[in-house]
Amino acid sequence: MSITDIQGQLLEVTVVGCNHLKDTEWISRQDPYVFLEYGSTKFSTSTCTDGDKNPTFQEKFVFTLIEGLREINVTVWNSNTLKSDDFIGSGKIQLQKVLSRGFDDTTWSLQTKRGRNAGELRSILHYSNALQPATSFASSAPPYVTLPTPQVPLYFKPLSTNTTAPYAPSAYPAPSPYSSYPPNSAVYPPSPYSAPPPATYPPPPYPPTSIYPPPPQTSSYYPPGKVRLGPYPRIYPPPSY
């Protein structure tokens, strides 16, 4: 369908909420609501009590498109009980993007009557007869793929003795071509030295120990023939010189 052939088609508009609205209350918190106008079709959201500067609505409306009319007028008001409602700001929702792509979640700016910033309006637009399918829902991340888990046997299966079976070679090393230790003594020349005699048991006795106290020694202090046996006894009186 051509983008110019929109007469009578349906457009869904969801008013999500507002951010950073101009504050028209001096003491209490303001109670905002949103008024939408497209041709002769008019809708109004419910009042967000105490919504103040960041009200939330989450309300959806369906408009019948008109050929040549590519914008929706929006006005945000502050609801009052004892006096008329206060004007907060107004703006326009452009329809070119949603009519070509089928989806639009742009945030629209609001202005005061003097052209100053009055906050912003958040909305989501859907159009099912767009030229291109909606792409805003597509994720930029690559698809998640679950890798298969390798199956590990719980028990060890012995290798088959059949050499023709298609089993992997054994991980154990091949037997060595050399003979095992110790080598054959016949291939070595005989030793010129004889083997030491085997040790006998029990071992030979140790040499006799010394006798204590030692035997008496002849002292040169006493005359010959006199033997002194230790410090006692002494011969008294001592001999004369």
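Visitor: Why is C48 called buried?

Guide: Its relative accessible area is 17%. Buried means under 20% relative accessible area, exposed over 50%, and partly exposed in between, with a 1.4 Å probe and protein chains only. So C48 counts as buried. A word on the source: this is a predicted model, where local features need pLDDT of at least 70, side-chain atom pairs count only at pLDDT 80 or more, and totals for chains, interfaces and linings use all residues. Residues are numbered from 1 along each chain as its sequence is written, and side-chain values use heavy atoms, with hydrogens and water left out.

Visitor: What makes C18 buried?

Guide: C18 has a relative accessible area of 0%, so it is buried.

Visitor: How do you know that C18 and C48 are too far for a bond?

Guide: A disulfide is a pair of cysteine sulfur atoms within 2.5 Å. The sulfur of C18 has its closest cysteine sulfur in C48, 9.0 Å away, so that is too far for a bond. From C48, the closest cysteine sulfur is the one in C18. The count of disulfides is zero.

Visitor: Why is D50 called partly exposed?

Guide: D50 has 43% relative accessibility, so it falls in the partly exposed class. D50 sits in the loop between β3 (41-44) and β4 (56-64). Strands are DSSP runs of E, at least two residues, numbered from the N terminus. Phi of D50 is positive, near 60 degrees, and D50 is not a glycine.

Visitor: What makes D52 buried?

Guide: The relative accessible area of D52 is 15%, so D52 is buried. D52 also lies in the loop between β3 and β4. Its phi is positive, about 55 degrees, although D52 is not a glycine.

Terms used
Helices (H or I, at least four residues) and strands (E, at least two) are DSSP runs, numbered from the N terminus.
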